[in-house]
Each structure stands twice: as C-alpha cells, then as structure tokens.
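Subject: Structure handover

Hello,

Here is the structure for you to look at. My notes on it follow below.

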Amino acid sequence: MIAWIDTLIQGLLLGGFFALSGLGLSLSFGIMRIVNIAHGDFLVMAAYLCLVVSSLTGMNPLLAIVVVTTLMFLFGYGLQKTILNKSIDGGELSPLLITFGLSIILHNVLQEFFSADAKSLDVGAFEVASLNIGQINIGWLPITIFFVSLVVYTILHQIVESTRFGMIVRAIVDDAETTSLMGINTKKINCLGMGLSMAIVGIAGTFFGIKSPFFPLAGGLQLLFAFEAVIIGGMGSIWGTLLGGISLGIAQSIGYRIGSGWGEFAGHLVFFLFLLLKPSGLLSKETSHV
Amino acid sequence: MLRLEKIYKSYGSLKVIHNLSCKVSEGEMLGIIGPNGAGKTTLFKAISGQIPLDRGKIYFMGEEVTDVPAFKRCVAGIGRTFQIPRPFHGMTIFENARVAANFGAGLIGKEADGFAIQAIELSGLVDRLNTPCSALSLLDRKRLELARALATDPKLLLLDEIAGGLVEEEMHQLIDILKEIGRRGISIIWIEHIVHALTSCVDRLLVINFGEKIADGDPNSVMAKRDVHEIYMGLDMKYP
C-alpha cells in the first residue's frame, strides 16, 4: 500500500515537470496556432544556456534560471518577429516545417559547440536531498519543480484572465482574424506570446538540465512528452496541459512500479488511449481559455 | 471618404473582383447587391485589409491604404461586421465591445468602458452587458457584431448581410438602428440580399456581378434597370 502511495506521489511530482515542459508548447499552439516541432530542442537549448550562464558567472543554476528565462523570452520574441510571423500567413504547415528545420539546425549547432557528450547542471546536495515522511522519501528537487510549475500556471492564469494582454490573447484564441479587425496588431501579440512560451521553456529547460543529464539530441523525447501532456490535456488549454502532464507522470510512475522498462510505455499507452477514446483531451478549448 | 481605383482580385484563375472603381462620401449610406459569388464579401475583405489586392488602389480619408494592414485600417476608422457573426465566445457582450473600444478606438479605462456601453446601447443590448456570447440568439449576435464594430469608433462601417435570417419585425428594429448610426455621421456600406430593406435606407445602390460594376446610382432607378433585373433578380427579360 505504501509503495503505491509513493508511486502516486512520485508520479504527481514527475507530472509537474511534464506540465511545465508542455505549457510552452500549449501556449504557442493556443495563441499562434504554431505546432512547434523544435520545442524539445529549445528545452535542451535552455539547459545549455543555463550551463553557459552558470559557468561564466559562477551562479547556481537555480539562480541562473532568472537570466535564462529572460534570454529565452528575448529569443522567442525575436524568433517570432523575424521568422515565424512571416510563415504564419502560409498556413499551419509552413511554421511546422520551419520549426522542424530549426530543430535540425539546433542539433548541429549544439553538437558543434558542446560536443555530443552528456552534460548536467550541478546544484550540489539539493539534487539528492529528500523529505522523509514515514517510509516515503520525496526529493526536494521534484517538490520544487512541482511547486514552481503550479506558480507558473497560476501567474499565467492571472495574466490571461486579468490583464489587457490576456484579454487580447483570449480574443486571438477565439478568432485571430476578427481580432485584427478590432485594431489589434496580432503579429506583435504573437511575438509576446512566443516570448512568454520560450520564457517558460527556459524554466522547464533549466529544471530538465538539473534533474537529468542532457545532450544535443535529447530534445526529441522531451518533445514527445510535451506533446503527450498537451494532447491528453486538450490542445490549446492551459489547465488541460497541467492535468495532462500530471496524468502522464502518474501513468509513467505506475509503469515504472510494474517494471523498469514499462514506465515510458505506460505513458505512451495512456496517450494512445486518449487519442482513441477522447481525442479532444481532458479540457478542450471549448471548456477553458487558451 | 473611400475611393476604390480599378481594383482587381483573383483566387487562382477565378476572377472575383474585376476593374472595380467606386466612391463613398462622408455620411453616405451605400447598398451593394449582387448574386451569390459576385464578389461582395471579397470586396469587404479588400477594403478592411484582410486580403491583398492583385491590382488597383484603395484610398481612405484621402490616404492610400492599399498596403496598410487590417488593424491599422480599423484604427483609421474602417469597421466591419460579418455575415455569420463571429463574437469572441469566451467573453461577455461587454468584454467583446471593450476589446474594440480599447484597441480600435484607442481608449483606456473608464473612457473605454463608457464608449463600449454606448455602442452596446445603440445596438439594443444594454440590458445584457454581462451575458456570455454563447447564450445569444441570432438577432442578438448580429447586434453584437454591430456593437463591436461601432465600439471601434468607425468613420466607415461595412455591414455584411446583417439583416439575413431576421424576421420582418427584427429587421425593422435593425433598420431603425442603422438610420440612427447614419444620423451620427458614420458612412455605411451595406451588402444585403433583402432588397426592400436596403432600398428603404440607402442613399445609393451599387450592383456587381462577377466582380464588375453593373449599375450604380439612386436605388429606385438602379432597381428599374433591365440588366439588374436580368442578373440579380433572375428574370429573363428576353422572354418576358
């Protein structure tokens, strides 16, 4: 019984990371209607960025996260302004192909600068420190990631529901063309949206680098997990992605409890069942904002 | 106020607008009729900046706006409604109009709120400010389209079949609203299939077919023309 409670708690916390890594993808789809194939690679890029910032400044990666998030926001804004905005007018396939190309470029650039060897972000003893409750040990790092994830979701919810920017975002999610006929520069909003999406990728990427070793080609699996979280939760729904991430985390955790090779398979199985039985996901756009 | 100079628009080999020129003066209400596929809605898309032209020029308030994006044309004073209402579903009536007042009219705070409420009041929805759009009837959705377009503070209002699907009584209510908008000095271009609704309001009538101008002038004299009957009303004048 204790083992299963432990499994559920570990799954919940793992789900917090999936939810965080899927949020940027959900946002770029929800606002800009961009299926970002390079999402996982941007996550890995953020981990390398944190490595560089930590190495240059001596900052702890947990503090460097602020610098990484800011730089990733600027990167996202610039990427949308210079490349993706121009591709949006060509339909949904065009940005998909462009992000696929960016993914390949990023693989090569990262390999060129950092080699194919795995790297990691060192946060000292914090990485293995744990909270002991009876027979259950819960790592402080997964707890931190989970709560940071909840904080990011809450802030984003407040932005969407209570600010002028959020009001525009809700309008764009409903109907981008009509929004431009209300005097709104939707391309500028797209830039801010991609900036926000990449800022969240910056946070998720740093935690990814802290919790596991990373290498230039590690983004593919992260993209898959992020996609699974977004689709299980419902494409374009913020809170759906949180639920999707947690569902995926619990499924993987239960899988690992059954056998070491079953973890990822259990997650993929849940994803497959959702595609088969409820392709709109837990919370579709009709029941939530963004 | 608005001048179209020899404009052309094709989708592939399909010519939708062909060598069309037209003017609309300040405070004028122009009606546009034509059979389905005549290019009426495409004309609105071109004026509002949703689609680029193949050739020709568009002038608004003396400035060329041919290559100006849609959001800037809205800020400059071109507002439009859609044939099938497209409200922001996740918002209330008030929130829909406030988006338009904030960005189209460039107002903020209480000024924007007040302007949005005025537009909603003129459209006859003021008693349902906080009603979600998903709960509205067709007439109310059309009124909301109008309210939202008015909240952008337009100088020129493009109305796309706003009376379509309404019963006679609802249409009379709508016509009263449009006359009031006209009295406030806002120019209107109104695409409509319900000809008697148009002719009861508009100062001028433009007839287009296959994207070309067929007739333009006083509504009664335009409707009396033989080729207008032949093309638009489906009457074969050769064999009366």
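Helix α1(B) is followed by Gly49(B), whose phi is positive, near 90°; helices (H or I, at least four residues) and strands (E, at least two) are DSSP runs, numbered from the N terminus. This is a predicted model, where local features need pLDDT of at least 70, side-chain atom pairs count only at pLDDT 80 or more, and totals for chains, interfaces and linings use all residues. Residues are numbered from 1 along each chain as its sequence is written, while chains are lettered from A and ligands numbered from 1 in the order in which they are written.

Is α1(B) enclosed or open? Of the 9 residues in this helix (residues 40-48), 7 are buried, so the helix is largely enclosed by the rest of the structure. A residue is buried if 20 or more other C-beta atoms, placed from the backbone, lie within 10 Å of its own, exposed if 12 or fewer, and partly exposed in between. Among the buried ones are Leu43(B), Phe44(B) and Ile47(B).

Next, the sheet. In chain B, 6 strands form an open sheet with mixed pairing, in the order β6-β7-β8-β3-β9-β10; two strands pair if DSSP finds at least two bridges between them. Its edge strands, β6 (78-80) and β10 (212-217) of chain B, each pair on one side only. Strands β3 (residues 29-33) and β8 (residues 187-191) of chain B run parallel and are joined by 4 bridges. Within this pair of strands, Gly31(B) has Trp190(B) of β8(B) as its bridge partner.

Regards
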